[in-house]
Amino acid sequence: MSHEEGIKKALSDKFKYLEDKIKITKPRRIFFEVNQDNFLEVFQFCVKDLQFGHLCTITGLDEQDKMSAIYHLSDDSGILLNIKISVSRENPAIKTVTQYF
């Protein structure tokens, strides 16, 4: 099992609702979308348990009917974990992650 597959399995085992959402898009690249209610719980697991300790950047997206952000995290082995969260245009607020860095 590759390191990426191990991360995918750990996320799927911990958060059953992510099981079909996690994609390994190419070597060292993992992508998934999580809903706003579960975002901080999943984010904390990625940072603290899976050791994705580097927040590389946050990409903001205007997707017409919603606003989204993709958090790009990396670990020491160079794997990039991309976590997407979307919110309504009427209330475009997301919880802060500053307490993790």
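I call a residue buried when its relative accessible area is under 20%, exposed when over 50%, and partly exposed in between (1.4 Å probe, protein chains only). The model is predicted, so I took local features only at pLDDT of at least 70 and side-chain atom pairs only at pLDDT 80 or more, while totals for chains, interfaces and linings use all residues. Residues are numbered from 1 along each chain as its sequence is written, and side-chain values use heavy atoms, without hydrogens and water.

Entry on the whole chain. I found that buried residues make up 38% of the 101 residues. I looked up the elements, which are DSSP runs numbered from the N terminus (helices: H or I, at least four residues; strands: E, at least two). The chain has 2 helices and 5 strands, and from the N terminus their order is α-β-β-α-β-β-β. The radius of gyration is 13 Å, close to the 13 Å from the globule rule for 101 residues, so the chain is as compact as a globular protein of that length. That radius is taken over C-alpha atoms, and the rule is 2.2 Å times the number of residues to the power 0.38. I noted that the C-alpha trace spans about 45 × 30 × 25 Å along its principal axes.

Entry on helix H2. In H2 (residues 39-49), I found Phe39, Val42, Phe43, Phe45, Cys46 and Val47 buried. What do the buried residues of H2 pack against? They pack against helix H1 (3-14) and strands E2 (29-33), E4 (66-74) and E5 (80-88); contact means heavy atoms within 4.5 Å. After H2 comes glutamine 51, with a positive phi near 65°.
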